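Subject: Structure for you to look at

Dear colleague,

I am passing on the structure below, followed by notes on what was found in it. Please read the notes with the coordinates open beside them.

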Amino acid sequence: MMPVMTEKVGGSKEECHYAHQQRGHLWSCSSPALSAQKRTAHLEQGTQSSHCAEDTAPGEERGCPSPRSGTSAGWDPTHQLNENSTQVYYIEVHIEAEASKNFTDLIDNLIVDVNRSATVEKFSITTECNRLITGKVNCRCNSDYSWSEDVCQNYSQCCNQNECTFSIPNPRAMCLSRRKVLVKGSFTLADLPFTSSLDEFGSQDYNAFVEKYTRQLQQVYSTLNWFDSLKITRLRQGSIIADFVMTVTDSFKSTDLENTTNQLQKNTNGSFNLIVTGLVKITRIPQFQDPIPYNSKTSITCSMAEALGRPQWFFQKNAQLSQDITNGTEAIVTYDLKNSTVTIKNTTEVWKGTFTCDYRSNQSNSIIYRGSQYLDIALLPEVLIISDPQFPSCTGTNKQFYITVKCIIPDTTENYTVKWTGKKIIQDNPVSLENGQISYQAYEGIFCDEKLEGDDVSCQFQNRLNQTKIFSLYVPIINDDSTICKSDLDWPDAKANFNATKLCNPTAVGLQMRYCMANGTWGDLISFCVNQAISKLLNVATNLQKGLGIVEKQANGVFVQLKQSTDDKSFETFANVNASVGVLESMRDASDIQKSKWNDTVFPDIVKSLSNLLNGSLNDSWRPVGNEGSYTLALKYLRAVDGIINQTNFVSATNQFRKENVQGFFILLTGCFGEKKVRDALQKRFRRQQSMNYKSESSSRITSTTKTK
């Protein structure tokens, strides 16, 4: 497209106007009165254009000759068109300011000869430009218009701004309608074989196919008002599948697109799939704040001019697979006749990504009307802060030295400003770790002559919106009179009354901890290490609970993975059992919130997972080290299992677990599987709960069921 450049000279304001023709667009500009005025008309249609220019006296009103016909991308005027076909043409006209009113009146009824008559239907101002005293030109897009792709590509600083300043009168300074509609589609011809020559771009067969079907598509789609261009972009195998892109420069009725597509399916004996962007308007609150603050509230709304029912909402982070968005603890989805809104109550790293709403055609599921918006959130990290060594020693000859302090965060695209606090701290550059995390590092000076028991250090993370989060660490110092626990295997010397910590092995997430008692002896190892597979599964289940993903769609994958993970020999730790029960709890809660149950086809995997958790080898893994009298986790397990039963949709006619037969836990866990170890272990744990006076609806059901068994 040829852009429009207009300017303000001698204190007069020049305006650029945009006119829509039934078969074209007319650009026109009014300019100030000059002693001599160069007037230019420009027609840009694909690769062909027409220019005319001449000098005129002030006040003279002369137009350019009728422009030659040309082609927009993918348009060939020699093709046979329907009598209702439309085509967009671009013409640039410069005219004196004094003639502006006459020109406006004239263009309302102007008929331009472009191979056939074209009638101007609308006329509106799109771009205004002023010449500054510095010689530069300042241009502004009017309401409902934005800079063309040429401006965005060549003047990226202007792309998201309403105004742009150019050093010279710039032929690219053109604003286009925000209502432009882009249709990305494909059609499949099942009756035609795909030959190798069609895979060769530019081959004779390829060109013949593209020419034939471009003509057929243009004949029908060009009847859409504001039709601009259509181009077949690729041929691929599957009988023959052709991808194409169509541009329409203003909105149209969805029924018009659906009717023309149905006509093409009959004409070509093919099937069409379309994704339409531009008809769905998407807005965000707060509207102009970018990025959104961390831990704040935001909402994104999709709107259609027509009532097409409820759209589907999706979320995609980076190149990951998209997930459904539904109601949860952090997301709320609401609808009315023409609008749908997703409200995020807590903006964290989970929700930084692209939100998409898809409306389906009333006539065909193969046409999707799509709106998308990227939500940028200024993040703040979760940090693990450690020192190396953990217990600096002042018992040697070296009385002044540095320790390394590390603040370790997950990998992120957020550009943090990190500030360190300590007695004498020197900041170092961050380091990428093998597990994908980032370690921000600093060196803290230790001065043994001060006889300190410990040293306080901290790291502060500041995001783009100046939000901050501080993480502190107390570093115990071993002095000559300190009681210590001697190093044991890979555990270092530790100061009494403090915990020594160690990172888990690369296959797990979390920390290991060991307490150095007051008498200088080591306590038991306490591990918070969760196998990576279980940790990822817990994240999936937690996200489902938040509203990211549909339980019914993901339950099968979750329970299959849970069964596999609980089969692993490395599973036998309290941290893994605790995380697995967390998966069950989150799945129960997510299913309840979404009012979405999983099918009973996943039931064998559920029962196997529940059985694995009750293996005799895990008897010591149900209570945290140092708290053997606690049965809190077993209680959570019982409640989770009860919820799992209630959220299972027992519908399969051949399924052995009919809902009407499920009265409680034991019917579920013993049923036709008849696993005695499950029954015995659960009964034993339940009796322990009874001794703690645990009363609930679940317990009464279990008790009554136990008697019958």
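D605 lies in helix α8, which covers residues 603–613; helices here are DSSP runs of H or I with at least four residues, numbered from the N terminus. Before going further, please note that this is a predicted model, in which local features need pLDDT of at least 70 and side-chain atom pairs count only at pLDDT 80 or more, while totals for chains, interfaces and linings use all residues. Residues are numbered from 1 along each chain as its sequence is written, and side-chain values use heavy atoms, with hydrogens and water left out.

To return to D605, its relative accessibility is 13%, so it counts as buried (under 20% relative accessible area, with a 1.4 Å probe and protein chains only). The side chain of D605 makes a polar contact with the side chain of K563, at 3.0 Å; such a contact is a pair of N or O atoms within 3.5 Å, of which, within protein, one must be able to donate a hydrogen and the other to accept it, and residues adjacent in sequence count only if both atoms are side-chain atoms. Once neighbours within four places in sequence are set aside, D605 is in contact (heavy atoms within 4.5 Å) with N556, F559, V560 and K563.

The helix packing comes next. Helix α5 (residues 532–546) and helix α6 (residues 551–567) pack at about 160°, with axes 10 Å apart, the axes being lines fitted to C-alpha atoms over the stretch in contact and the angles running from 0 to 180 degrees between N-to-C directions. That angle makes α5 roughly antiparallel to α6 (over 145 degrees). On the α5 side, A533, I534, L537, V540 and L544 meet V551, Q554, V558, Q561, L562 and S565 of α6.

α5 also packs with helix α7 (residues 574–594), at an angle of about 20° and with the axes 8 Å apart, and α5 and α7 are therefore roughly parallel to each other (under 35 degrees). Residues making this contact include L538, A541 and T542 of α5 and V583, M587 and I593 of α7.

Finally, I645 lies in helix α9 (residues 632–646) and, with a relative accessible area of 6%, is buried. Although I645 and D600 are 45 residues apart in sequence, their C-alpha atoms are 9.8 Å apart in space.

Technical notes:
Helices (H or I, at least four residues) and strands (E, at least two) are DSSP runs, numbered from the N terminus. Angles under 35 degrees count as roughly parallel, over 145 as roughly antiparallel, 65 to 115 as roughly perpendicular and the rest as oblique. Buried means under 20% relative accessible area, exposed over 50%, partly exposed in between (1.4 Å probe, protein chains only).
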